[in-house]
Amino acid sequence: MPDPSKAADLEEFVSLLGELRAWAGMPSYRVLAKRAGPLMRAARVVSTSTVVDVFKTGRSRLDLDLVVGIVRALGADEPAVDVWRAACIKVHGPARTGGPVGVFGQLPTDLATFTGRREELVRLIAAATEHHDRSGANTVVISAVEGMAGVGKTQLAIHAAHELVRAGHFTDVQLYVNLRGFDPELPPADPSAALEAFLRQLGVAAQQIPEGRDERAAMYRDRMRDRRALVLLDNAATEDQVRDLIPAGPTCLVLITSRRSLAGLDGVTPHLIDTFTEAEALDLLARIAGHDRVAAEPEAAARVVEYCDRLPLALALTAARLRSRPAWSLAALADRMQAGRLEAISAGGRALRPVFDASYQALSDRAQQVFRLIGLHPGPDFSAAAAAALAGITAGEAAEVLELLLDEHLLQQKRSGRFELHDLLRAYAHEQANTHDTGQERRAAVHRMLDHYVHTANDAAMLVERGRDPLKLPPPQPGVCLEHFADHERALAWFTTEHAVLLSAVGHAAATDFPAHTWQLAHALATYLDRRGNWHDLAAVGNTATDAADRLADPLGKAIAGSIVARAHRRRGNYADARHHLRHALGLFRRIGDLDGQADTYIELARVKAWESPPAISDALALARRAQALYQSSGHRLGQAQTLTAIGWSHARLGDYALGLTCCRQALPVLEEFDDRERQAHAWDSIAYAHSHLGQHPQALACYTRALDLCRDLGDRPLEADILHRFGDAHHAAHHPDAAHDAWRHALDILTELDDPHADKIRGKLALHRDQGACQRAVRV
């Protein structure tokens, strides 16, 4: 038997087909026609002249199904038939007319500008081919390409389909239908009508197509049996719309695209499609608008990609508009988009807003309302509780609606319990809120949201900072859903999750004229930012809080905001500025008679004095004693214990190590009673310092270890670096050079990460340690 795989083109293939006829004993064309018809997948009567034409050279294309029927009629077994089928497909690849009848016949055009999506293509093609290459496969493969409007689902599915057919898969037939699931002008396609169209494409005469949907579906499955078929169902609205369009045979592949989750469809494998990467977005922009134009303005191109938020449809429309305006610069286009993205993203008669309209209008009234109001949320993501507060509904009701919006791909969820809006959808939702909700309704929603964050953050801060004085807040608005925490660890985890949102909320509260919420949020967030070393953010929220409190003429808010700004200045080494803000805060606390606020300010002033260069330890001691007196007057036991630690630390720094030990040890029982881990860490650090300078090295190292364990539980990075610094000093004094080096190195890593101004002091110690080690090695040599 001749080997058809050796055929380089269609002419050689026809010649080898003639050799196969000779190998089979040269049956007449009439006999071949009679035998081949029943052996074709769709059995039919084949004329003698049709068979004669197959064996003529100079042909531009062949009917693949007829070729397979002839090969079977010539006595080839099924493995040989598969070889001839593959060879026939291969020789049609280079042909200008595009290949055998049916190949690519029903698929839309594969766009020349298609770019990226390598990983997604690999997954789609693997899902299709691995199943069919695996022995024992007995069911159709269904892959659902899902994602938000404009993300490029259709083009990805079309490209994958063409790639599969080019590679020789599903070559018998390809069927395509646009189910119009989200067409703004036409209703979703009737599955019965789609079945009728498919049956016609499969060669069923109109008069033979049944009337009923069930009967049509049964005939469709029968006609698709044993066919190597690919069915592309585009823009599906629901599972029910596509269920009868899925063939039953294991040799078939069904690709479905939808803006809606089709998880309820039996046997479906979802492929969730996200927006482009930065590189893919720039590539698409360049392919459509022109590589030279994009290369000439890289910064403006990056802005255009940012304003499109890497959404493929937005990029394609924007690039097409740019291509039609050769006089425009990318910078001018970017400026237009900055002024109004939804208006700017259009080309000719196409625009982005109608695409979003179709998804939005398909929602229920409740879902539309929630979608609109979450467009008012300022942060990068949000919880169900925050969405509930915006909408004034329960957390359970919010969770239900958010799940629906996820199914509609109007929301994204990249982390459990966190929801995100694509930037363009956020702009669209905000626009809808401005259109459909009154100014009073929008303000009420923002008020509820800010109440949610202020009250929840304040409760979390009370657990994170045990010595914190409670802040008297007005009750939250009706309908506000709050979050509660069982312990310090959960409260700290909440701040870690929400801190970017809280930063945005502080600015949003200020911008939308909620000044009390502004400084209250800043107050709740300050300790977390300080402990994480986010001092730029600490200064920013402090300044924003100061402006808000000034507008309110609220002395308490102004005093607290000033203290936040002062803490940021101290961390950055701006001690004069820190003292200025603290003295102003002290005056305000005095005016309102807040003894604890005054005492807290004196403690902070003492810290400034201790950190100055040279340190003014005597002044720091005097300030700590003033704080102690105020705490005693107010009966603040935890505050008194805190000042005992500050007094003990000052005595130790002044050289009275025994008195320093006594003061700090007296403070510990109260600090432990209140589970104040931060101040316990300070106390153990001070005790360790005194032990080290008394030459009691084992005790010092043990106390430093205790202090480090406590501050690591807190997540206090600056305090950890500070203690590690002195831990290294203690190891050095105990003649443990390697341990000293490790502690200093770890401290330096933290301070470098935090861009702390005190990092140079540790660098100097490490350099000296390195030089001393080199000298010692030289002496030994």
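Predicted model: local features only at pLDDT ≥ 70, side-chain atom pairs only at ≥ 80, totals over all residues.
I will start with aspartate 451. The residue is found in helix α22, which covers residues 439-464. Aspartate 451 is buried and yet has no salt bridge. Where is the nearest side chain of opposite charge? That side chain belongs to arginine 448, and the distance is 8.5 Å. What the aspartate 451 side chain does have is a polar contact with the side chain of histidine 517, at 2.6 Å. Leaving aside residues up to four places away in sequence, aspartate 451 touches Pro475, Pro476, Gln477, Val480, Leu482 and His517.

Next, the aromatic rings. A pair of rings is described by how far apart the centres are and by the angle of the planes. The count for this model comes to 13 aromatic pairs. One of them is formed by phenylalanine 356 and tyrosine 428, with 5.6 Å from centre to centre and 70 degrees between the planes, hence edge-to-face. This pair links distant parts of the chain: phenylalanine 356 sits in helix α17 (residues 353-361) and tyrosine 428 in helix α21 (residues 423-436), 72 residues apart. Phenylalanine 356 counts as buried because its relative accessibility is 1%, and tyrosine 428 counts as buried because its value is 0%.

Tryptophan 494 and phenylalanine 495 form an edge-to-face pair, at 5.3 Å and 70 degrees. Tryptophan 494 is buried, with a relative accessible area of 6%, and phenylalanine 495 is buried at 1%. Back at phenylalanine 356, there is also a cluster: Phe356, Tyr360, Phe371 and Tyr428 form one aromatic group.

Two arginines lie over ring faces. Arginine 443 is placed over phenylalanine 514, at 4.0 Å from the ring centre. Arginine 21 is over the face of phenylalanine 55, at 6.0 Å from the centre of that ring.

Last, the backbone. Most peptide bonds are trans, and most residues other than glycine have a negative phi. Which bond here is cis? The one joining serine 613 and proline 614, with omega at about -5 degrees. Proline 614 is placed in the loop between α28 (595-611) and α29 (617-634).

Arginine 180 has a positive phi, near 55 degrees. Arginine 180 lies in the loop between β2 (173-178) and α8 (191-201), and is partly exposed, with a relative accessible area of 27%. Arginine 310 has a positive phi of about 65 degrees. The loop holding arginine 310 runs between α13 (298-308) and α14 (312-323), and arginine 310 is partly exposed at 26%.

Methods. Residues numbered from 1 in each chain as written. Heavy atoms only, no water. Helix = DSSP H or I, 4+ residues; strand = E, 2+ residues; numbered from the N terminus. Buried < 20%, exposed > 50% of the residue type's maximum accessible area, 1.4 Å probe, protein only. Lys, Arg positive; Asp, Glu negative; His and termini not counted. Salt bridge = Lys/Arg side-chain N within 4 Å of Asp/Glu carboxyl O. Polar contact = N/O pair within 3.5 Å; in protein donor to acceptor, adjacent residues only side chain to side chain. Contact = heavy atoms within 4.5 Å. Phe/Tyr/Trp six-rings, centres within 6.5 Å; stacked < 30°, edge-to-face > 60°. Lys NZ or Arg CZ within 6 Å of the ring centre and 35° of its normal.
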